[in-house]
Amino acid sequence: MTTENQAGNPEPEHSPSEKTKAAPKVKKTFDPRASVIQIHPEGERIHPKKAEGRFAKLRIAAVLATQFVFYVIPWFNWSGRQAVLFNIPDRHFFIFGLSLGMGDLIYLALLLMICAFGLFWWTTIAGRLWCGYSCPQTVYTEIMLWIDNLVEGDRNKRLKLEKSPWNFTKIRIKATKYLLIFLVCAWTGITFAGWFVPIRQFVPDLFTGAAGGGAMFAAAFYGFMTFFFAHIMREKVCLHMCPYARFQSAMFDKDTLIISYDTERGEPRGARKKTVNKEEAGLGDCINCAMCVQVCPVGIDIRNGLQYQCIGCAACIDACDEIMDKMGYPRGLIRYTTEGALEHEYSEKDIKKRLRRPRVAGYGAVLALVIIAFLVGLSTRKMVEVDILKDRGVMVRENAKGWLENAYSLRIINNSEKEQLITASVKGFDEIALTGLPEGGIKVAPRETVTLPVQVSTIPEYADKGSHPIEFIFQYRESGASDGKPVVLEEDATFIGE
């Protein structure tokens, strides 16, 4: 029998066996990336495997250190008040022995600049170590993963639980996990509010219902956002929301220390038994176990090169080193290195030398200048500040003695932790008087601002028409000391004559 082809010409019809012989089988080649892609199906929640190793221990230490600062520091007392308190309603900030008022916002600005330039400088040297070890998103996501592992087990058990039908056991496990998550998020929110209101008073008031509405809202909001970002969103914050991941490349160069896969050593990758000689099999050190992907909290494959999603947590290094130990291969297939070292522009031993380059020196110099300015400003900062405000409503008037008189307002800011007794005088004419001061001096409570109206008068012959310079002189004893030389402040002002 014959059949016609598309051109209408007859062609013989082959039997099934003949067709099979005519179409030789195509040998399927194994694509290692195909299995890697399916480890974290798109749109599904990432369940990273727990990594163990030196960097995992370092990450645990970083989490404990940062959370000690966050959870414990507000409970410390210093000189009879909370050691660290950002009292926004009273516009006063306390950082241990440092007391800052609204007039000291420049120091807070310098502190923020130190943090910013410190981050830029460190990123230029060692990439995203901040993201991998100290970023609040990473830290709280790590805490949530600890709870997942504690209650539900490691990755395989969690995946099995997700696919299992709802029953009493699953409900019990999920309820336990969410109870622990709720407690962590609630206490995180309460602690956050305790940085802005006295925490020793806020916590009892919270449970008795006497806490202020603003503080309660702050605690509830921060607790909810911790739950939303650290448990619900997790890696999606780093993948899609974090702006730092987008502009970090501007601070990277070939000498920046980053986590990298050694393609030259690892390829061609392929599964094999430990007894297989990799040289004879024509394989690299990578056995394509995909453990580096399984432990990655953002679900990327570091073997595809540097990606903006990588947070530099080094979980893949721990996982790969463990596999290399089991296979009897040297560690470091995935490691901290530089692009220049991987491309053999210099050896691994020269990496430390390459870190001393102009960009690092530039960021370091700016950072050092800001730190010096911050320290010098704090060391020379006045504990008492005075502003002289001229009363513009009445430029000049004649008082009961027939002298010319100007009105002023003295605004005295006490930045110290103790009450200050301040005396004031004025000079500028041979005959000049300062009135309106309380007898015995001006008492200013700790961290308080006092505004006091005063009058300066002089004989008309001394103050002709126009403005004349005068000077207010204030004296007080530093930190309330009763002995020693008093501190003298001199403030210039203008007297208006007829």
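This section describes aromatic ring pairs and charge–ring contacts in a predicted model.

A search of the whole structure finds 21 aromatic pairs. In one of them, the ring centres of Trp78 and Phe96 lie 5.5 Å apart. Their planes meet at 80°. The pair is therefore edge-to-face, because the angle is over 60 degrees. Trp78 belongs to strand 3 (residues 77-78). Phe96 falls in the loop between strand 6 (92-95) and strand 7 (98-101). The two residues are 18 residues apart, and the pair links distant parts of the chain. Trp78 is partly exposed, at 37% relative accessible area. Phe96 is also partly exposed, with a relative accessibility of 29%.

A second example involves Phe120 and Tyr363. Here the ring centres are 6.1 Å apart and the planes are at 55°. Phe120 is part of helix 4 (residues 105-126). Tyr363 is part of helix 19 (residues 358-379). Phe120 has a relative accessible area of 24% and is partly exposed. Tyr363 is partly exposed as well, at 24% relative accessibility.

Ring pairs also build a cluster. Its members are Phe70, Tyr71, Phe86, Phe93, Phe192, Trp195, Phe196 and Tyr222.

Charged side chains meet rings too. The charged end of Lys170 sits over the ring of Trp166, at 4.5 Å from the ring centre. Lys390 places its charged end over the ring of Tyr408, 5.3 Å from the centre.

Key
Residues are numbered from 1 along each chain as its sequence is written. This is a predicted model: local features need pLDDT of at least 70, side-chain atom pairs count only at pLDDT 80 or more; totals for chains, interfaces and linings use all residues. Side-chain values use heavy atoms; hydrogens and water are left out. Rings of Phe, Tyr and Trp (its six-membered ring) pair if their centres lie within 6.5 Å; planes under 30 degrees apart count as stacked, over 60 as edge-to-face and the rest as tilted. Helices (H or I, at least four residues) and strands (E, at least two) are DSSP runs, numbered from the N terminus. Buried means under 20% relative accessible area, exposed over 50%, partly exposed in between (1.4 Å probe, protein chains only). A charge sits over a ring if NZ of Lys or CZ of Arg is within 6 Å of the ring centre and within 35 degrees of the ring normal.
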